[in-house]
Amino acid sequence: MASRPKSTSVARIKTGSFERRLTLTRAGLFAGTRMASHMATNWFSSKDKREARHRAMLSSQAEFLVDELGKLKGSVVKIGQVMALYGEHFLPEEVTEALHTLEDQTTWLEWPSIERVLQAELGADRLAELEVDPDPIGAASLGQVHRARRRSDGLELVLKVQYPGVDEAVDSDLNAVAQLLKVARLVSFGPEFNDWLEEVRDMMHREVDYRLEARTTEKFRQMLLDDPRFVVPRVLDEYCTAHVIASTYEPGHSVSSVAVRELALDRRSELGRAALELFFRELFIWGEIQTDPNFGNYRIRIAGEEGADSETDQIVLLDFGAVQAYSATFLDPVIQMIRASYEGDLPGVIDGGIRLRFMSRDWPDDVLDTFGKVCMSVLEPLSRDRSNWPDEAVNDRGQYRWKQSDLPSRVARQAARSAISRYFKVPPKEFVFLNRKLIGVYTFIAVLNAEFNGEDLLRDYLYGDPGTPDASSTNQMTKP
């Protein structure tokens, strides 16, 4: 969860469906009227002026609507954040840029309101067992986190408390936001957008299902229990409810902190390798992936510091509300594309893309080849062939420099220079989330300023036995 804002708090969050719908409807009608007026007056301008004015109007519309969403808080803000993160294929660039500002609009709920939730959820006797800090250590759009201490034994824990009424408002809020985008003429509704909207709906319901998140957290803790590189909080069932998750407090530094930056290169690189391997386990073995790339979901525990009980630097994994299970039908062609990229098999990459339905055999051969090569370039740090690595991306030991490589920007530029945008289809919704996860892993490693080659790790997971536990034995733990 995000760090606590210093000056933004509210006594209550609007959760009544009528109250929220009325606010969003007014905003949509106002925005729609503005857009209609703009289109009428812009009709007689030249083509270039019309396009420039239209883009300016889109930006203005988006900023206005984001301001309105921000006032409502709760699931509306989370919906906007999710749309910003995963909506690049469905929403105008001006809209996603404006929605990204919602990430900075976190508001925390004042203690009396949170205390009432805890009393209602835990009961007076159970709550009396805990000494809860009234100041949150983290806040997000759906809830906030408070530290606590169990009076009987001094155990330090954290309570993740969902804002009242948020879970009941998800469907009405999502429908209202979608309608608002439509009325404001910021999006064209179609089958792909509707499918994506339903995926956002499913994700939102998972995010507010705290019982599911508690089971998932414990499941990942069990799967990583024997790996000293990772720490997952232990869930305390006796303090968990449908709207509260209690777990052990696990200290650590933020990924971008000075303490982490000052670690020796080899230590930072080992942390980067651990993050990459965790992603490979999720993808190749477990089939369940934490899709939220927010750095607030991770902490770094430095070996030798007070509270560290390991001789190894560790990654603390904190939030499992966005874990998504993938079917073999989807994962098989994804892994095919990865294997084909590793082997330099361009036709195999293209075939995997066609199986995933975002390439088409009807495309010209040169477009398919170009798109396949763009996909292959994403695996640059994991490649056997290092002849195309930029000079600045290699250190004097022949290791890949993840930050200096600027890989995501180079891949984006490569795609933009090609003609594939004219043919590119909306990818399956699962691929959108998986792609964001991969970018998040690469960015995590880059922020660590790690330098290492990932080829040996990928090879083990493609062809070898990495010796990691199978998730199938605990699948029932995440079933509702």
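Analyst: A helix here is a DSSP run of H or I with at least four residues, numbered from the N terminus. The model is predicted. By that rule, the protein chain has 18 helices, along with 13 strands.

User: Where does R357 lie relative to these helices?

Analyst: R357 sits in the loop between α13 and α14.

User: Why does R357 count as exposed?

Analyst: Exposed means over 50% relative accessible area. R357 has 56% relative accessibility, so it counts as exposed.

User: Which residue follows α17, and what is its phi?

Analyst: N449 follows α17, with a positive phi near 55°. N449 is a residue other than glycine. It lies in the loop between α17 and α18.

User: Why is N449 called partly exposed?

Analyst: Buried is under 20%, exposed is over 50%, and partly exposed is in between. N449 has 25% relative accessibility, so it counts as partly exposed.

User: Why is I354 called buried?

Analyst: The cut-off is under 20% relative accessible area. I354 has 17%, so it is buried. I354 lies in helix α13. Leaving out residues up to four places away in sequence, I354 touches M359, S360 and R361.

User: How do you know whether α13 and α14 are parallel or perpendicular?

Analyst: Look at the angle. Helix α13 (residues 346-355) and helix α14 (residues 365-377) pack at about 95°, with axes 9 Å apart. Angles of 65 to 115 degrees count as roughly perpendicular. The two helices are therefore roughly perpendicular to each other. From α13, L346, V349 and I350 make the contact; from α14, L368, D369, G372, K373, C375 and M376 do. By class, that contact has six nonpolar, one polar and two charged residues.

User: What about α12: how many residues, and what reach?

Analyst: Helix α12 (residues 328-343) has 16 residues. From first C-alpha to last, α12 reaches 22 Å, close to the 22 Å expected. Its buried residues include F330, P333, Q336 and Y342. What covers the buried residues of α12 includes α11, α13, α14, α17 and α18 (455-463). G344 follows α12, with a positive phi near 70°.

User: What makes a set of residues a nonpolar core, and how many residues has the largest?

Analyst: Its members are buried Ala, Val, Leu, Ile, Met, Phe, Trp, Tyr and Cys residues, joined through side-chain atoms within 4.5 Å. The largest such core has 119 residues. M83, L159, I315 and M359 have the most contacts inside it. Helix α11 (residues 265-286) gives the most to this core, with 10 residues.

User: How many residues has the protein chain, and what share is buried?

Analyst: The chain has 480 residues, and 54% are buried. Of contacts between residues at least 6 apart in sequence, 71% join residues at least 24 apart.

Methods. Residues numbered from 1 in each chain as written. Predicted model: local features only at pLDDT ≥ 70, side-chain atom pairs only at ≥ 80, totals over all residues. Heavy atoms only, no water. Axes fitted to C-alpha atoms, helices over the stretch in contact; angles between N-to-C directions. Parallel < 35°, antiparallel > 145°, perpendicular 65-115°, else oblique. Contact = heavy atoms within 4.5 Å. Nonpolar A, V, L, I, M, F, W, Y, C, P; charged D, E, K, R; others polar. Buried < 20%, exposed > 50% of the residue type's maximum accessible area, 1.4 Å probe, protein only. Expected span 1.5 Å × (residues − 1).
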